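Here are my notes for your first read of this model. Keep the viewer open and check each point as you go.

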Amino acid sequence: MTERFGTPPAYQLAQANIGRLRFPLDSPELADFVAALDPVNATADTAGGFVWRLQSNSGNATDVPVLGDDWLIINMSVWRDTDALTAFMYQGEHRELLARRREWFERVREAMTVLWWVPAGHHPTVAEAEERLLHLRVHGPTPYAFTLRTSFPAQGAGPVTPVNIPEGLGCSV
């Protein structure tokens, strides 16, 4: 990788995932989820390969509107690459939260997570994430919008890169 030799990467990996809440954020049913937000975000902020995450004045993004639906919440971040994102997602407290997601979020058949490459230093907007997610829903994984299960290299060339995701923790797309 050229980064070792002093040349920073030209692209970084953006990820967005949305969830449709089963209960209001201030409900007792979501208390464990809400209590875990700050610790998990703090872990992400110091994780290897972490670059940036969307947050409002609350310190998280639970009050950021997405797709015009008050019951949807968004998580969006930028990482060095798919390896860095995967290492964070499937370890520690984040993995524990993933295992409990059905308690807090509705099961949705359509894609709720999308990845895409952004120029290094770019912080994507919610509108960009919405566009990429809707593109993924219509066209499936492409270099423009993809999933961890079917990812593409930063410049959209080359073979599809399969990722081994632990059973029951990935999205179905």
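Which residues form one aromatic cluster? They are Phe33, Trp104 and Phe105. Keep that answer in mind for point 3. Note too that this is a predicted model.

1. **Overall layout.** Begin with the whole chain. The protein chain has five helices and four strands. Read from the N terminus, its elements run β-α-β-β-α-α-α-β-α. The chain has 173 residues, and 43% of them are buried. Now look at the contacts between residues at least 6 apart in sequence. Of these, 71% join residues at least 24 apart.

2. **Aromatic pairs, in general.** How many aromatic pairs does the structure hold? There are six. A pair of aromatic rings is described by two things, the distance of the centres and the angle of the planes.

3. **Phe33 and Trp104.** Find this pair in the structure. The ring centres of Phe33 and Trp104 are 5.5 Å apart. Their planes meet at 45 degrees, so the pair is tilted. Phe33 sits in helix α1 (residues 31–45), while Trp104 sits in helix α4 (residues 101–104). The pair therefore ties together parts that are 71 residues apart in sequence. Phe33 is buried, and Trp104 is buried as well. With Phe105, these two residues form one aromatic cluster.

4. **Trp79 and Phe88.** Here is another pair to check. The ring centres of Trp79 and Phe88 lie 5.4 Å apart. Their planes are at 25 degrees, so this pair is stacked. Stacked means an angle under 30 degrees. Trp79 and Phe88 are both buried.

5. **Gln12.** Is Gln12 buried or exposed? Gln12 is buried, because its relative accessible area is 13% and the cut-off for buried is under 20%. Gln12 belongs to strand β1 (residues 11–20). Its side chain reaches the backbone nitrogen of Gly121 at 3.1 Å. Leaving out residues up to four places away in sequence, Gln12 touches several others, among them Val51, Trp79, Trp116 and Pro119. Trp79 is also in the stacked pair of point 4.

6. **Helix α5.** This helix covers residues 126–139, which is 14 residues. From its first C-alpha to its last, α5 reaches 20 Å. That is close to the 20 Å expected at 1.5 Å a residue. The buried residues of α5 are Val126, Ala129, Glu130, Arg132, Leu133 and Leu136. Why do they line one face of the helix? Seen down the axis of α5, they fall within an arc of 165 degrees, so they line one face. An α-helix has 3.6 residues a turn, so residues three or four places apart point the same way.

7. **Around α5.** What do the buried residues of α5 pack against? They pack against β1, β3 (72–79) and β4 (113–119). On the other side of α5, Val138 and His139 are exposed. Arg132, one of the buried residues of α5, lies over the face of Tyr144, at 3.8 Å from the ring centre. After α5 comes Gly140, with a positive phi near 75 degrees.

8. **His123.** Look at the loop between β4 and α5, where His123 is placed. His123 is partly exposed, with a relative accessible area of 41%. Not counting residues up to four places away in sequence, it touches Trp52 and Glu128. A polar contact of 3.4 Å joins the side chains of His123 and Trp52. His123 and Ser77 are 46 residues apart in sequence, yet their C-alpha atoms are 8.2 Å apart in space.

9. **The loop between β2 and β3.** Two residues deserve a look here. Pro65 lies in this loop and is exposed, with a relative accessible area of 66%. Leu67 counts as partly exposed, at 29% relative accessibility.

Definitions and conventions:
Residues are numbered from 1 along each chain as its sequence is written. This is a predicted model: local features need pLDDT of at least 70, side-chain atom pairs count only at pLDDT 80 or more; totals for chains, interfaces and linings use all residues. Side-chain values use heavy atoms; hydrogens and water are left out. Helices (H or I, at least four residues) and strands (E, at least two) are DSSP runs, numbered from the N terminus. Buried means under 20% relative accessible area, exposed over 50%, partly exposed in between (1.4 Å probe, protein chains only). A polar contact is a pair of N or O atoms within 3.5 Å; within protein, one must be able to donate a hydrogen and the other to accept it, and residues adjacent in sequence count only if both atoms are side-chain atoms. Contact means heavy atoms within 4.5 Å. The expected span of a helix is 1.5 Å times one less than its number of residues. The arc is that of the directions from the helix axis to the C-beta atoms. Rings of Phe, Tyr and Trp (its six-membered ring) pair if their centres lie within 6.5 Å; planes under 30 degrees apart count as stacked, over 60 as edge-to-face and the rest as tilted. A charge sits over a ring if NZ of Lys or CZ of Arg is within 6 Å of the ring centre and within 35 degrees of the ring normal.
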